[in-house]
Amino acid sequence: MEVATAETPFHAVIVTIFPELIEAVASVGVFGRAVERGLVRLETINPRAYTEDRHQTVDGKAYGGGPGMVMKVGPLRAALEEARRRCPEAKVIYLSPQGAPFAQQKAEACAVQGQVILLAGRYEGIDQRLIDRDVDEQWSLGDYVLSGGEMPALVVLDAVARLRPGVLGDEGSAEAESFSAGLLDFPHYTRPEEIDGQRVPEVLLSGDHGAIAAWRQAQAEAVTRRQRPDLWARWQEQQQRAEKRNGGSGDGSHE
Ligand SMILES: C[S@@+](CC[C@H](N)C(=O)[O-])C[C@H]1O[C@@H](n2cnc3c(N)ncnc32)[C@H](O)[C@@H]1O
């Protein structure tokens, strides 16, 4: 049995009828370099390879009528069996609008787990019997409907890979990003110091690391309060709980 550690590559298997879509996107940028450097092992399995008819049919009409086609159990179940053989410790995740919202905590858990099998649907979706028996969890990318699960699968993979050791150049990068500490990211600036009358905030030019860290923290809090009141409320609760645990007053001093 392969035991996932920080040293073993993150292993992902995507079950999809459009492997070329995954391969094209997954070969560029941070993710592409992670694959090249052996930090991520990415495989695709096409359920069409598990069909027996000339047309390699993976879909059928819906019982009960209605528009659109439904993905059949047979080829998907066989493809998932092969995926589980390659990735025995992995959960099978079906990307679906009916799933629980995908968020940073799920990405973190997945990065620690070290393996994942992602199932991308097409057409009207997948025969419920496959979901009932072969899927461990369903994750949604948001309250909208896409044409297929490949782009959601790529989003999940990208979010997870960034959290794996060695994938980002600077190990601190992932920790400093939005959501990791419960707040959104602070604003970033690069050269020149002034452009079209817009100046970089003076504190960032001061060289005073304490003042810069305090400014960034205040900005992260302000951005979160303004853009995401839901995250802000949760973060304040966390702070209050931490203050109570540490014997503080827990009086919401971050307001
Ligand atoms: C056209 S959609 C099916 C939509 C389905 N009939 C419904 O109304 O919920 C085809 C496939 O795209 C993927 N998909 C679409 N929207 C998604 C979302 N918001 N999150 C994750 N996957 C999604 C799923 O894999 C789904 O099986």
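1. In the protein chain, 76% of the contacts with a separation of 6 or more are between residues 24 or more positions apart; two residues are in contact if their C-beta atoms, placed from the backbone, lie within 7 Å. The model is predicted: local features need pLDDT of at least 70, side-chain atom pairs count only at pLDDT 80 or more, and totals for chains, interfaces and linings use all residues. Residues are numbered from 1 along each chain as its sequence is written.

2. The protein chain has nine helices and nine strands (DSSP runs numbered from the N terminus; helices are H or I of at least four residues, strands E of at least two).

3. An open sheet is formed by five strands in the order E2-E1-E6-E5-E7, with parallel pairing; strands pair if DSSP finds at least two bridges between them. Strand E2 (40-45) and strand E7 (137-140) each have a single partner strand, so one side of each has no neighbour in the sheet. From one strand to the next, the twist averages 35 degrees (axes are lines fitted to C-alpha atoms, for helices over the stretch in contact, and angles run from 0 to 180 degrees between N-to-C directions).

4. Five bridges join strand E5 (residues 91-101) to E7 in the parallel sense. Ala100 stands opposite Trp139 in E7.

5. Helix H3 (residues 73-86) packs on the sheet and touches strand E1 (10-15), E2, E5 and strand E6 (115-120). The direction of H3 makes about 170 degrees with that of E1.

6. E5 also supplies the largest share of the shell around the ligand, four residues.
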